[in-house]
Amino acid sequence: MSVRTTKKHYALFVKEVERWAAAFGFRDWKLYTYHSKLDPGNFAECEWDLGHRVAYLRLSTHLSDEAAPPTVASIKRVALHECLELLLCQCTTTMREARPRDFVSCETHKIIRVLENVLAGEAK
Ligand SMILES: [Zn+2]
């Protein structure tokens with residue numbers, strides 16, 4: 001049976017995105033959130049358009065079959081994660097001009113994991 005996220009999970013995701021967007025000062029950004037089916041293995045994702053200051057944060061409706069069932073904590077965590085992606089988006093975009101995408105993703109995620117652990121711990 002496939003693992004899914006519910007409307008309740010999505011509502012929590014949106015609330016958490018709004019909370020972190022305020023905390024991180026994304027006032028000049030237009031954020032759009034979605035609850036849609038993403039590529040297998042993707043719990044959520046964040047895409048941005050730097051020039052237009054628009055970002056798209058998506059929570060997947062379907063998780064991979066091996067995924068653990070979503071919890072309040074995991075939804076909060078993934079919302080924080082996607083907001084951290086957005087916080088670093090200028091750096092990520094700049095690094096992508098110089099280095100391969102996988103390298104950039106690995107480096108940014110080292111930072112994201114640290115911030116996630118610190119901030120998720122403090123945000124309970
Ligand atoms: Zn990520």
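**The sheet.** Select strands E2, E4 and E3, which in that order form an open sheet with mixed pairing. Strands here are DSSP runs of type E with at least two residues, and helices are runs of type H or I with at least four, both numbered from the N terminus. Two strands count as paired if DSSP finds at least two bridges between them. E2 (30-36) and E3 (44-49) are the edge strands, each with a single partner, so one side of each has no neighbour in the sheet. On average, neighbouring strands of this sheet are turned by 15° against each other, direction ignored.

This is a predicted model, in which local features need pLDDT of at least 70 and side-chain atom pairs count only at pLDDT 80 or more, while totals for chains, interfaces and linings use all residues. Residues are numbered from 1 along each chain as its sequence is written.

**The two pairings.** Next, select E2 together with E4 (residues 54-60): the two run parallel and are joined by seven bridges. Serine 36 is found opposite serine 60 in E4. Then move to E3 and E4, which pair in the antiparallel sense over six bridges. Here cysteine 46 stands opposite leucine 57 of E4. The hairpin of E3 and E4 has four residues between the strands, and arginine 53 takes a positive phi near 55° in it.

**H1 against H2.** Select helix H1 (residues 7-23) and helix H2 (residues 72-87), whose axes come within 9 Å and cross at roughly 40°. H1 is therefore oblique to H2. Axes are lines fitted to C-alpha atoms, for helices over the stretch in contact, and angles run from 0 to 180 degrees between N-to-C directions. Angles under 35 degrees count as roughly parallel, over 145 as roughly antiparallel, 65 to 115 as roughly perpendicular, and the rest as oblique. To inspect the contact, display His9, Leu12, Phe13, Glu16, Val17, Trp20 and Ala21 of H1, which meet Val72, Ile75, Lys76, Ala79, Leu80, Glu82 and Cys83 of H2. Residues are in contact if their C-beta atoms, placed from the backbone, lie within 7 Å.

**H2 against H4.** Arg77, Leu80, His81, Leu84 and Glu85 in H2 meet Ile112, Leu115, Glu116, Leu119 and Ala120 in H4. By class, this contact of H2 with H4 has six nonpolar, one polar and three charged residues. In this scheme Ala, Val, Leu, Ile, Met, Phe, Trp, Tyr, Cys and Pro are nonpolar, Asp, Glu, Lys and Arg are charged, and the others, Gly among them, are polar.

**H3 against H4.** Now select helix H3 (residues 89-96) with H4: they pack at an angle of about 150°, with their axes 9 Å apart. H3 and H4 are therefore roughly antiparallel to each other. Cys91, Thr92, Met95 and Arg96 of H3 make the contact with Arg101, Val104 and Thr108 of H4.

**The whole chain.** Finally, show the entire protein chain, which comprises four helices and five strands. Along the sequence they follow the pattern β-α-β-β-β-β-α-α-α. The C-alpha atoms fill a box of roughly 40 × 30 × 30 Å, taken along the principal axes.

Definitions and conventions. Two residues are in contact if their C-beta atoms, placed from the backbone, lie within 7 Å.
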